[in-house]
Amino acid sequence: MSPRLGRHLGRHLGGYLGGYLGRYLVRGASLAAALTAWQLLTGLNVDLWLRFSQFPTVADVARAFGDRLGGDDYWTDLTDSLTRILTGFLLAAVLGVATGVLVARSRLAEDLLGPVLEVVRPIPAIALVPVAILLFPFNEQGIVFITCTAAFFPVLVSTRHAVRALTPVWEEAVRTMGGGRWRVLGSVVLPGALPGIFGGLSVGIGVSWICVISAEMISGQYGVGYRTWQDYTVVDYPGVFVGMVTIGVLGWVTSTAVERVGRRLTRWLPRTEYVTGARAGGTGRRARAVGARVRKAASPVSPAPATTAPEGVRDEHLV
């Protein structure tokens, strides 16, 4: 390998690793700064306007977390909450996408289902706890119902808007080539609406966690929400924060999984990359070259004179 090629590869590799490692270092530093501020404010019993003296310290929460990890109740609660959230969310995903496509594609379905859905949609899912208690014979089914309802409407609305926003040219092209209704649905409607569908799924998984924790606090027997509320009633504040941290981590993991699946299924979409001028010189030059090409493509193109190209070439470009 020539020295010039080695320097070139080293510069680009350094810029790549430096960019991604730098981002993760910044994220880790922000989290460490937040934990340090928490420890200082609670350890020094700071009471300005907010009463940090009432909070447990980071060390107290860490010790409580270690004790919980060694017991069986923590893992039972974790399993129950994950089972409820995944069951309700998967049901909401299937029903929400199917109903959204149906309402967006059928005027009859919109007239029949639209008024009912729009009346029920503003009702908070957690307000349906009395309905779930009266409707279902077991609390487990009622909690899944509340979780499903919470995620159903974000998925429904995003799917409906995404399907309606599709350009009709694609559908007309498939029908011109002999495609039927199901072919249009499978090759045009669902792929074209996938970005909007996954936007609704990302919102739905977050709302589902809010409602499943609230439902567990009200009528659950096991689960992270139930355990957190029990810790509050017995004034075990480190245990309360253990539940809060667990809920946050579970929500982050599940929402990240939904976004990763969405990016995987929509990898044909153009992606926006972070470009900073502080990176290596090769990256800066590449960014400037990309910008120049974008500006050139966006600038109005004046029509070329008739003598610049034969008629056949101009016709070929028009086609």
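**A walk through the helices**

Reply: Happy to! Ser 214 is found in helix H8, where helices (H or I, at least four residues) and strands (E, at least two) are DSSP runs, numbered from the N terminus. Bear in mind that this is a predicted model, in which local features need pLDDT of at least 70, side-chain atom pairs count only at pLDDT 80 or more, and totals for chains, interfaces and linings use all residues. Residues are numbered from 1 along each chain as its sequence is written, and side-chain values use heavy atoms, leaving out hydrogens and water.

Me: Is Ser 214 buried, partly exposed or exposed?
Reply: Buried means under 20% relative accessible area, exposed over 50%, and partly exposed in between (1.4 Å probe, protein chains only). Ser 214 has 23% relative accessibility, so the class is partly exposed.

Me: Which residue's backbone oxygen lies 2.8 Å from a polar atom of the side chain of Ser 214?
Reply: In an α-helix there are 3.6 residues a turn, so residues three or four places apart point the same way. The backbone oxygen 2.8 Å from a polar atom of the Ser 214 side chain belongs to Ile 210.

Me: Which residues does Thr 228 touch, not counting residues up to four places away in sequence?
Reply: Thr 228 lies in helix H9 and counts as buried because its relative accessibility is 6%. A contact here means heavy atoms within 4.5 Å. With those sequence neighbours set aside, Thr 228 touches Met 217, Val 240, Gly 243 and Ile 247.

Me: How many helices are there in the chain?
Reply: Reading along the sequence gives the pattern α-α-α-α-α-α-α-α-α-α-α-α. The chain has zero strands, and its helices number twelve.

Me: Which residues have the most contacts inside the largest nonpolar core?
Reply: A nonpolar core is a set of buried Ala, Val, Leu, Ile, Met, Phe, Trp, Tyr and Cys residues joined through side-chain atoms within 4.5 Å. The largest one has 48 residues, and those with the most contacts inside it are Ile 146, Leu 201 and Trp 209.

Me: Which helix gives the largest share of this core?
Reply: The elements that give two or more residues to this core include H3 (72–105), H6 (139–164), H8 (181–219) and H10 (237–265). The largest share is 14 residues, and these come from H8.

Me: Which residues is Trp 209 in contact with, leaving aside its neighbours within four places in sequence?
Reply: Trp 209 is one of the residues with the most contacts inside the core. Leaving those neighbours aside, the residues in contact with Trp 209 are Ser 81, Leu 82, Ile 85, Leu 250, Gly 251 and Thr 254.

Me: Where in H6 does the kink lie?
Reply: H6 is mostly covered, with 19 of its 26 residues buried. The bend at a residue is the angle between axes fitted to the seven residues ending there and the seven starting there. In H6 a kink of about 25° comes shortly before the proline Pro 154, at Phe 152.

Me: What is the phi of Asn 45?
Reply: Most residues other than glycine have a negative phi. Asn 45 sits in the loop between helix H1 (3–43) and H2, and is partly exposed because its relative accessible area is 48%. Although Asn 45 is not a glycine, its phi is positive, at about 55°.

Definitions and conventions
A polar contact is a pair of N or O atoms within 3.5 Å; within protein, one must be able to donate a hydrogen and the other to accept it, and residues adjacent in sequence count only if both atoms are side-chain atoms.
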